[in-house]
Amino acid sequence: MRTITYRDALREAIAEEMRRNDRVYIMGEDIAGYGGTYAVTKGLFEEFGEKRVKDTPLAEEIIIGTAIGSAIGGLRPIAELMTMNFSLLASDLIINSAAKFRYMFGGQPSIPMVIRMPGGGGAQRGAQHSQMLESMFAHIPGLKLVMPATPYDAKGMLKSAIRDEDPILFVEHELLYSVKGEVPDEGEEYTVPLNRGIVRREGKDVTLVTFSRMMHICLQAAEELAKEGIEAEVIDLRSIRPIDLDLVLESLRKTNRVVVAEEGWKYYGTGQGIAALIYEHGFDWLDAPIGHVTGKDVPMPYSKSLEQLALPARNDVIAAVKAIVPQPAGAR
Amino acid sequence: MAIRNVTLAGLDREQLLHMHYQMVLIRRFEEKAAEEYTLGKIGGFLHLYIGQEASGVGALSALRPEDYVVSSYREHGHAILKGIDPKAVMAELFGKATGCSKGRGGSMHMYSAEHNLIGGQAIVGAQLAIGTGIGFASQYEGKQSVVSVMFGDGAADEGAFHEALNLASLWKLPVVYYCENNQYSMGMAVTKAWSVSSLEPRAAAYGMAYERVDGMDLLAVRETMLRAAERARKGEGPTLVESVTYRFRGHSMADPAYYRTRDEEARWRSSRDPIALFEAKLKENDIITDDDIAAANMRADEVVEECAQFAEESPVPEPDALYDDVLADGTGAIAWRNQPSTPRD
């Protein structure tokens, strides 16, 4: 094992899969000469050349159209969208084409396509560059959507995604790129499945269900809670669609309490969907209503002080847990 | 009249008669579909190709089997011309399991991987983006396959048109953007929708080759398409072809066409019918007789009757098929633990 950043882990996954299969190529805005807006693709152009590392015009619709068409034509595209906010410009092709073709064309075309894009706020990028829009896509049958939180998963899941036969939205986070974590040594082959969550921390009092950058905030909250005698189990979903619901229910049977924590907005989103599934499939094990920690229900403000208020923080998680977990006598 | 074994546009009599038959077959097929639609055998939308037969037959006759066609929702004719059994096209209209998209697509979503017919696209303009990508794959793999993107005058106004044509010209992709300008995007006359009178200045904006052709003239269409496909195959990049045609029916079966006059329709039908024009040309050159024409019509009638019978007698999809083919590995929104967890390698 060695310690590398989330960014480097992604780059290794892309490079390894491109070495493994000549039909894998990557395209996007400023990914070749510039090396990627977040430097994920730095150096790939030098190794693989302009045939396989394609700079595109600022044209999200044709980036995704090219990815879908080339997948039908036998290639395995990785399309980088500079941010998830811009995926809206390509959302027609993602939802109306990529997600539909296999089904509406009688099972004939495969669309083995990975769309990589970072979402999320926290860097003062304002209302149009800070959104977490995964729930819009996770709603759609015919897509897979994953949101790894660690360098290990970033690499292992991206490799799985590139080998998968279906269209996959691979959602990164702008504030995770420099996060470091343990990853197997170079040359040590591994992949991570696209349909399994993982227990990051064991606990008996409450289950925190979370994903992406919010997972790290939940781990910090869990450490704080432990000092007060509350042991939180932290589940990192990793995949949003499909969701590893059994892992959540297994934990619920032990803790009987759940807080869902996410960066995105509260209403009609991923977290409410997860909570509804827990109510539907695990109602009998619940001893309290499900807590829900989210970003505030406003467009993201620019000012640092306001942005911090808009984003869900460790203390929000702690408060949500304390609202549903009986306090140990010593802590009162 | 003595039938001569002459050639026209490099085609021998047999080839010319075959192309005539294909036009007749498409027209009869669409007329039959309209009939079945009014009988309630076909649901949803039904967009007919009647009037545009020369535009389709001429264009697709210039392509090879390994070439791709990506089409719009007005694609029954393209599907048949690309080699899909007309029975499977009619069965798709009927929503039957034997349809070319297993009854899950319908009139607007014909597909055949075997014949490189990459779908009827019902989001106007999507085929421009998808077709560009297929062209990229062909170029990437060093294949000789050309992509023909079939779209109407309405799709030229979508944003995808701009993004696709710019990229294709930039990367010199082997794509022919074939606009069947049938004068109306639903009820909107092209003269009211375009800020320019043809696509020529738009092609110029991308430094792309452009050809305008009379879409009612089968042989002219074919020759135009041969040139465009040849440019693509030789690596000289894409061409924007504007085939000027007219749909004799409304936008769909639901359209009474109040936006144009019956006089205008009658003028096109009486003087610009592509089948009549081609028959006149063949007669002029002593290539076809009235008996040949009657025989072609009779054969087409028989085929479409068989299609309807096949579709009628075919089974509807099994209820279990509802959940088939959403994803390759059969997963839904919830990954239950009893399913295999390891990704395929």
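Mentor: Let's start with a term: a salt bridge is a side-chain nitrogen of Lys or Arg within 4 Å of a carboxyl oxygen of Asp or Glu. This is a predicted model, where local features need pLDDT of at least 70, side-chain atom pairs count only at pLDDT 80 or more, and totals for chains, interfaces and linings use all residues. Residues are numbered from 1 along each chain as its sequence is written, and side-chain values use heavy atoms, with hydrogens and water left out.

Trainee: How many salt bridges cross the interface of domain 1 of chain A and domain 2 of chain A?

Mentor: The rule finds 2 there. As for the domains, their bounds come from an automatic or database domain assignment, which gives 2–183 for domain 1 and 198–326 for domain 2 of chain A.

Trainee: Which residue forms a salt bridge with A:Asp153?

Mentor: That's A:Arg238, with the closest N and O atoms 2.9 Å apart.

Trainee: How much area do domain 1 and domain 2 of chain A bury between them?

Mentor: Buried area is the accessible area (1.4 Å probe) that two parts lose on being put together, summed over both. Here you get about 2200 Å², 55% of it on carbon and sulfur atoms.

Trainee: Is A:Pro289 buried or exposed?

Mentor: Buried means under 20% relative accessible area, exposed over 50%, and partly exposed in between (1.4 Å probe, protein chains only). A:Pro289 has 57%, so A:Pro289 is exposed.

Trainee: And which residues does A:Pro289 touch, not counting those up to four places away in sequence?

Mentor: Contact means heavy atoms within 4.5 Å. On that basis, A:Pro289 touches A:Val258, A:Tyr279 and A:Ile324.

Note on methods
Chains are lettered from A and ligands numbered from 1 in the order in which they are written.
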